[in-house]
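Subject: Structure handover

Hello,

Here is the structure for you to look over. My notes follow below it.

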Amino acid sequence: MSARVAVVGSSNLDLVVTASRLPRPGETVLGENFRTVPGGKGANQAVAAARAGAACDFVGAVGDDGFGAQMRASLVGAGVDVRGLRTVAGPSGVALIAVDRGAENFIVVAPGANGTLTELDADDRATIAAADVLLLQLEVPLAAVLRAADWARAEGTTVVLNAAPAAVLPTELLDLVDVLVVNEHEAAVVAGVFSDDPPALLDALLELVPRAVLTLGARGAAYADRDGLRLEVPAPRIDAVDTTAAGDAFTGAFAVGWAERAGAISDDTVTESLRWACAAGAACAQRPGASTALPERAAIDALYDATYRGAP
């Protein structure tokens, strides 16, 4: 039986423009190409989990506009169960994304319908209870994130929180998190420790949560927990095209890997989960777009095998 992942989070339509470089404040830069791509951290991570092999349920909200219909169809096409996706009056969420030739990006999000997701109904709670892992982010109201995490804890579902966008988090949420996934900037904001030293960031995070994953971009990822386990794995070497959804690919795949190894936390199982997630992020970065770039399991396995097979 495949792992089951429930995602409570955002869905946005990404409005993406490429340019030779990103503009500075107050500057206009002529773009090169424009496209619309279904995205949002919640929806992206749901698609990533489904493509990585999980049975995935998504709880979120879209508007009663064409963007909402497009995002719903995209999720269904990726194999995500959308019975928990509400349609509400008003606009859907959108993200304005600029990507330069070096694959760096900036993103501005208008939440739209995502801001209406504040409560969970009985069906949502049943979805969370049936999951091996609940995957959360911070692009929907904190009230929904808290309610979902609280219900997951009550039902024995593992809570994985990707604390993005970066925010200082209340203790009542941190106390419900089993695994925190953050990049270096997010880690610094969450922990209140502004350091470029990954071990120091992990030490600070372990004051708040029992397990932490620190993504390091092209350098890979690191892990630490309160039982004393510390690991760092390198990322595959690739030519990046667009890093927009690479973090979501990593997080979705990590949730699947963690769920598949539930109850068997060890040096080997955590290492393999991290390596597999790094392979997912790298495979995503080799293609343009957000949800359209999220890799299938076969592509993740191929890059994993090429990079890590036979490594200690």
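One cut-off first: a residue is buried under 20% relative accessible area, exposed over 50%, and partly exposed in between. Glu27 has 24%, so Glu27 is partly exposed. Please keep in mind that this is a predicted model.

Salt bridges

The count comes to 15 salt bridges. Glu27 pairs with Arg21 at 2.4 Å, N to O. Arg21 is partly exposed too, at 34% relative accessibility. Both belong to a salt-bridge network that includes Arg24.

Arg86 and Asp124 also meet in a salt bridge, again 2.4 Å from N to O. Arg86 sits in strand 5 and Asp124 in helix 3, so this pair ties together parts 38 residues apart in sequence. Asp124 is buried, at 3%, while Arg86 is partly exposed, at 23%.

Arg297 bridges to Glu260, with the closest N and O atoms 3.0 Å apart. That links helix 10 to helix 8, across 37 residues.

Largest pocket

The largest pocket holds about 1300 Å³ of space. It is lined by 50 residues; closest to its centre are Asn183, Thr243, Thr244, Ala246 and Gly247. The lining splits into 25 nonpolar, 16 polar and nine charged residues. Helix 8 contributes the most, with five residues. Strand 7 is among the elements that supply at least two.

Surface patch

Phe106 lies in strand 7. Phe106 is partly exposed, at 35% relative accessibility.

Best regards

Technical notes. Residues numbered from 1 in each chain as written. Predicted model: local features only at pLDDT ≥ 70, side-chain atom pairs only at ≥ 80, totals over all residues. Heavy atoms only, no water. Helix = DSSP H or I, 4+ residues; strand = E, 2+ residues; numbered from the N terminus. Buried < 20%, exposed > 50% of the residue type's maximum accessible area, 1.4 Å probe, protein only. 1 Å grid on protein atoms, 1.4 Å probe; cavity = no way out; pocket = protein on both sides within 12 Å on 5 of 7 lines; lining within 4 Å. Points joined across faces, edges and corners; volume = space filled by probe spheres on them. Nonpolar A, V, L, I, M, F, W, Y, C, P; charged D, E, K, R; others polar. Salt bridge = Lys/Arg side-chain N within 4 Å of Asp/Glu carboxyl O.
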